[in-house]
Amino acid sequence: MDEDDNLRVQKYRAGETESFGLLYDKYVRKIYRYVYYKVFDKEAVEDIVSDVFLKALKKIQSFDSVKGSFSAWIYRIARNSVIDYYRTLKQTRDIEDIFDLGFDERGAERLDAEVTLKKVSEYLKTLSPKQREIVVLRVWEEMPYRQIAEIVGGSEESVKMAFSRAVRNIREKFGPLGAVAFLMIMG
Amino acid sequence: MNNKIEDIIKELYEIDPTLREHKNRLRELVGVLLSSKPRVLIDENFIRKLKEKIVVGGRTERGNSRRGLQSEYSWWAFRFVPVGALAVLLLFVAVRLDSPVSERTLMDAPSLKQDFAQSETYSIARDSSENQSENSIGISTQKPGWIAELDYISASEAGYVVISSSDDPTPGNIMGASGIITQGTTGRTEIKLYRAMKNGGEYFAILLKDDGDGVFNFSKDLPVTDEITGRAVSVRFETRRDVGKDL
């Protein structure tokens, strides 16, 4: 538990409006990246991030630090907002499988980043949506397993196991040549 | 990045020791995953503007929370309206048994009585884009239900807006009250009602002045009267199920 976050929530509730601003400063870029990895569209990301923090502000009275950290709470809001976004788009695909949408249909050509994710997306697409989210949160966001578990659901141990299975799946699927070829592409 | 690769590999070994058999391939794979992390360019202008919006929203949200508490108090208070009204009615009848009938019909909402007793007609809700006077309420035809939505409230002093039923041609029982409204113009405001408005009904939105304690009390917070007409600042409005469909 991040006691600083809990303290800021308490202060906000007690009338210190600026305390929410501090929480915003701490999390806005993290949430931005998290949403970006799922949506890959700058305008959509900004809409969703705005929605996340306005919802957080509205619901902050219902945040219960006993049930989990503020961090996990706001990531869950972001996760649900992304699902809502794809619902709104009326995508015909399984909304749980949103990672595919990000890479396949709205992905590489829209990226501001210089790297091409096409090959990595092939790796990650062999994983279940939950495994992918765990890999992204652990490897790209460097998030602790406990916190990932709070966001995606399940225990810390189950998240660790899912992560190791994901890595094993990729290795078995593509073997050493796949990884080496990819490294050359990335060169 | 090498340290990160080693950290993740170490974790993986702890979770699944058999992965040690594929040490080199594992290192390559984790390296690929790490190096392919998208470089997300965050628009700092967006971050700054959103923060401004959030901070303003935070102030508003806190205000609404206070109003929410206020409304809860109001709901509690309203439970006792019939009892209080009956007590006042008995007292009033005992003291002024010979009073005109028109004065006795307003006892359900005693604080409103004196101001509405002189009023003969009330305006039906109009387009709220009309000029806003210093003390005025904007409310259009409403959908039946538990919420009345005001377009604006303009008040020269802090106060409340109450929604009441219509005891034609005067207001009847209070059905709900806003939280405290500060001096000036307040935008769109929802008032939760403790009794639902029915389709095809007529109701009143009435501006009251806070007596200074910041707590709504229907017997102390009196209607605001118009300086020119001397009448209570109020709007009579209707409810219609199909409101908005013809727009």
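Predicted model: local features only at pLDDT ≥ 70, side-chain atom pairs only at ≥ 80, totals over all residues.
Biologist: Which residues in H2(A) meet Glu133(A), Val136(A), Leu137(A) and Trp140(A) in H7(A)?

Modeller: Tyr34(A), Tyr37(A) and Lys38(A) do, where contact means heavy atoms within 4.5 Å and helices are DSSP runs of H or I, at least four residues, numbered from the N terminus. Residues count from 1 along each chain as written, chains are lettered from A and ligands numbered from 1 in written order, and side-chain values use heavy atoms, without hydrogens or water.

Biologist: What about H2(A) and H3(A): at what angle do they pack?

Modeller: About 140 degrees, with axes 9 Å apart. They are therefore oblique to each other. Among the residues meeting there are Phe20(A) and Tyr24(A) from H2(A), and Val52(A) and Phe53(A) from H3(A). By class, this contact has 17 nonpolar, no polar and 2 charged residues.

Biologist: And how many salt bridges cross the interface of chain A and chain B?

Modeller: The rule (a side-chain nitrogen of Lys or Arg within 4 Å of a carboxyl oxygen of Asp or Glu) finds 4. Glu11(B) pairs with Arg138(A), their closest N and O atoms 2.3 Å apart. Across the chains, 56 residues of chain A touch 39 of chain B.

Key
Helix = DSSP H or I, 4+ residues; strand = E, 2+ residues; numbered from the N terminus. Axes fitted to C-alpha atoms, helices over the stretch in contact; angles between N-to-C directions. Parallel < 35°, antiparallel > 145°, perpendicular 65-115°, else oblique. Nonpolar A, V, L, I, M, F, W, Y, C, P; charged D, E, K, R; others polar.
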